[in-house]
Amino acid sequence: MASPLEQFEIKAIVPIQVGGLDISFTNSSAAMAAALVVGTGLLVFGMGRASVVPGRLQSIAEMSYEFVAGLISDTVGAEGKRYFPFVFTLFMFVLLGNLLGMLPYSFTFTSHIIVTFAMAAMVFIGVTILGLVKHKMHFFSFFVPPGVPVAMWPLLIPIEIISYLSRPISLSVRLFANMLAGHTLLKVIGGFVFGLGAITFGVGGLLPLALMVALTGLEIVIAFLQAYVFAILTCLYINDALHLH
Amino acid sequence: MDASAVKLLGAGIAVLGVIGSGIGIGNIFSAYIQAVARNPSARRETDMFTMTMLGFALVEALALFALIIALLLLFVF
């Protein structure tokens, strides 16, 4: 029985070496390219022959657009419309990465901390620059909680700064840990199906198999929920940068 | 005690962090069910359900942090 973490192994499909730098096309890159192709295809073919009464593909495209648009207008307000392309791209990329990773023998690129951290760092740096450009030096008043006596500032300002700096870590680890733990759990329960089935002529495997079906359903919900959480937290950070408190 | 035994014990203790997350998820859904039971029209508020699911996802993530530590102890060291 292979280790439950074996599924996260990165294998090079097309090895490319550029001066000691390994930029091979790996199974992770393939999964990302697949997410990109599926996401683009969904929107291009869905809206290609747009009709007043939408078909199935067009409904999915419209629903995802309206979902993210509603998310932004609820959290950021009218000013957030400018950031719609960014949040929509991020949401669809994470969502398709999570959902395509649920297919058997595929690869979940969101289960790697470096992928999620790159996305979280992009959000964090972008939001900080946005706040600095919009509010200039006034942006640093963000670290001073309003309505707090000056005597408490030396205690609260470091806490606020630490909590601000830990945003990219919590944002990335949340997504990565959910995906890693979910897929590991499925693999472990899958091992139970095989192990129990082998010693009871296949009958005993039915119980863990039923559990596994339920867990797969839960995992699909989690895949959507984590993409949603990633998008809504990005919106909240943009809102913080635009309106400070 | 030899190292592998301590490793297994450590992984077991690390998973205790899931207790807090269990209490948290219980609290979130109990608050949601109470709100809906006291005011059934709140069920039509999709906003409330969204907030419940968001809270659930945030609390559940904390359990997974503990799980990651346990997995690291088991498979990496």
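User: In chain B, what percentage of the contacts with a separation of 6 or more comes from residues 24 or more positions apart?

Analyst: The model is a predicted one, and in it chain B consists of three helices and zero strands, arranged along the sequence as α-α-α. Among the contacts in chain B with a separation of 6 or more, the share that comes from residues 24 or more positions apart is 83%.

User: What is the radius of gyration of chain B, and what would a compact globule of 77 residues have?

Analyst: The C-alpha trace of chain B spans about 60 × 20 × 10 Å along its principal axes, and 10% of its 77 residues count as buried. A compact globule of 77 residues would have a radius of gyration near 11 Å, whereas the value for chain B is 18 Å.

User: How far apart are the C-alpha atoms of Gly12(B) and Ile69(B)?

Analyst: Gly12(B) belongs to helix α1 of chain B, which covers residues 3-14, and it is exposed because 12 other C-beta atoms lie within 10 Å, where 12 or fewer is the limit for that class. Along the chain, Gly12(B) and Ile69(B) are 57 residues apart, yet the separation of their C-alpha atoms is 10 Å.

User: Which class, nonpolar, polar or charged, makes up the side of chain B that touches chain A?

Analyst: The contact between the chains involves 11 residues of chain B and 13 residues of chain A. On the side of chain B there are no polar and no charged residues, and the 11 residues there are nonpolar.

User: What pattern of secondary structure does chain A follow along its sequence?

Analyst: Chain A contains seven helices and four strands, and its C-alpha trace spans about 70 × 55 × 45 Å along the principal axes. Of its 245 residues, 27% are buried, and of the contacts in chain A between residues at least 6 apart in sequence, 61% join residues at least 24 apart. Read along the sequence, the pattern of chain A is β-β-β-β-α-α-α-α-α-α-α.

User: Which element gives the most residues to the largest nonpolar core?

Analyst: The largest nonpolar core has 51 residues, and those with the most contacts inside it are Phe91(A), Ala227(A), Phe230(A), Ala231(A) and Cys235(A). Elements that give two or more residues to this core include α1 (27-48), α6 (167-199) and α7 (206-243) of chain A, and α3 (46-75) of chain B is also one of them. With 13 residues, the element that gives the most is α7(A).

User: Which residues does Phe230(A) touch, leaving aside those up to four places away in sequence?

Analyst: Phe230(A) is one of the residues with the most contacts inside the largest nonpolar core. When residues up to four places away in sequence are not counted, the residues that Phe230(A) touches are Leu90(A), Val94(A), Leu171(A) and Leu175(A).

User: Are α6(A) and α7(A) roughly parallel or roughly antiparallel to each other?

Analyst: The axes of α6(A) and α7(A) come within 10 Å and cross at roughly 175°, and angles over 145 degrees count as roughly antiparallel. The residues of the contact between these two helices divide into 18 nonpolar, five polar and three charged. The relation of α6(A) to α7(A) is therefore roughly antiparallel.

User: What is the phi of Lys136(A)?

Analyst: Lys136(A) is placed in the loop of chain A between α4 and α5 (153-165), and it counts as exposed with 9 C-beta neighbours inside 10 Å. Although Lys136(A) is not a glycine, its phi is positive, at about 50°.

Terms used:
Residues numbered from 1 in each chain as written. Chains lettered and ligands numbered in written order. Predicted model: local features only at pLDDT ≥ 70, side-chain atom pairs only at ≥ 80, totals over all residues. Core = buried A, V, L, I, M, F, W, Y, C linked by C-beta atoms within 7 Å. Buried ≥ 20, exposed ≤ 12 C-beta atoms within 10 Å, placed from the backbone. Contact = placed C-beta atoms within 7 Å. Axes fitted to C-alpha atoms, helices over the stretch in contact; angles between N-to-C directions. Parallel < 35°, antiparallel > 145°, perpendicular 65-115°, else oblique. Nonpolar A, V, L, I, M, F, W, Y, C, P; charged D, E, K, R; others polar. Rg over C-alpha atoms; globule rule 2.2 N^0.38 Å.
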